[in-house]
Amino acid sequence: MKYLSFTLLLLLSLTGASWAADSTPAKSDPAWLTEARASIKADKYDQAIQQLQAANDTSSADWNNLLGYSLRKKQPPDLVGAEKYYQAALKIDPNHRGALEYYGKLKLMNNDLPGAESLLARLDKVCTFGCEEYSDLKGAVQKFKSKK
């Protein structure tokens, strides 16, 4: 039984299941989180920002991460604002995989390779068997390096 549980966990970690830009969706998620995820998925970042600001759940790492993500992705991006919210998300949850990945991508946008590599190292520790966030940031770092 012990080996079956380990095998199942290993298989689940290797499938690389795709989730939203924050944590795994749950049935008990608040409406604002479900709505903001839907807006982000539809590339409606200004709408997501409005939904998140209306919810004003500043104590939520997911709320801060999604607001940072939306600010970074909107046109024109607000990189200063995005950084503030990624930092807040990581203060609440230092192991928030989405915030670590997206903050790393923001660092690359600001030509801060050491900062991005530092966040990649943190993700490596959080993602024991690997995870999508680690792979995505690692790919972004490699792409950034190849352009230099």
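**Helix packing and salt bridges**

User: Happy to look at this one together! In which hand does α2 pass α3?

Analyst: This is a predicted model. In it, the crossing of α2 past α3 is left-handed.

User: Thanks! How are α2 and α3 oriented relative to each other?

Analyst: The axes of helix α2 (residues 31-41) and helix α3 (residues 45-55) come within 8 Å and cross at roughly 165°. Angles over 145 degrees count as roughly antiparallel. So α2 and α3 are roughly antiparallel.

User: And how many nonpolar residues does the contact of α2 with α3 have?

Analyst: Good thing to check. From α2 come Trp32, Glu35, Ala36, Ser39 and Ile40, and from α3 come Tyr45, Gln47, Ala48, Gln51, Leu52 and Ala55. By class, the contact includes 3 polar and 1 charged residues, and its nonpolar count is 7.

User: What is the relative accessible area of glutamate 133?

Analyst: Glutamate 133 forms a salt bridge with arginine 97, with 3.3 Å between the closest N and O atoms. Arginine 97 lies in helix α6 and glutamate 133 in helix α8 (residues 132-147), so the pair ties together parts 36 residues apart in sequence. Arginine 97 counts as partly exposed at 32% relative accessibility. Glutamate 133 is buried, and its relative accessible area is 8%.

User: How far apart are the closest N and O atoms of lysine 145 and glutamate 117?

Analyst: Lysine 145 is partly exposed, with a relative accessible area of 43%, and glutamate 117 is also partly exposed, at 32%. These two residues form a salt bridge, and the closest N and O atoms are apart by 2.8 Å.

User: Last one! Which residues do salt bridges that share partners join into one network?

Analyst: The count of salt bridges comes to 6. Among them is the pair of glutamate 83 and lysine 107. Through shared partners, the salt bridges join into one network Glu83, Lys107 and Asp112.

Methods. Residues are numbered from 1 along each chain as its sequence is written. This is a predicted model: local features need pLDDT of at least 70, side-chain atom pairs count only at pLDDT 80 or more; totals for chains, interfaces and linings use all residues. Side-chain values use heavy atoms; hydrogens and water are left out. Axes are lines fitted to C-alpha atoms, for helices over the stretch in contact, and angles run from 0 to 180 degrees between N-to-C directions. Helices (H or I, at least four residues) and strands (E, at least two) are DSSP runs, numbered from the N terminus. Angles under 35 degrees count as roughly parallel, over 145 as roughly antiparallel, 65 to 115 as roughly perpendicular and the rest as oblique. A crossing is left-handed if the near helix is turned anticlockwise from the far one by less than a right angle, and right-handed if clockwise. Contact means heavy atoms within 4.5 Å. Ala, Val, Leu, Ile, Met, Phe, Trp, Tyr, Cys and Pro count as nonpolar, Asp, Glu, Lys and Arg as charged, and the others, Gly among them, as polar. A salt bridge is a side-chain nitrogen of Lys or Arg within 4 Å of a carboxyl oxygen of Asp or Glu. Buried means under 20% relative accessible area, exposed over 50%, partly exposed in between (1.4 Å probe, protein chains only).
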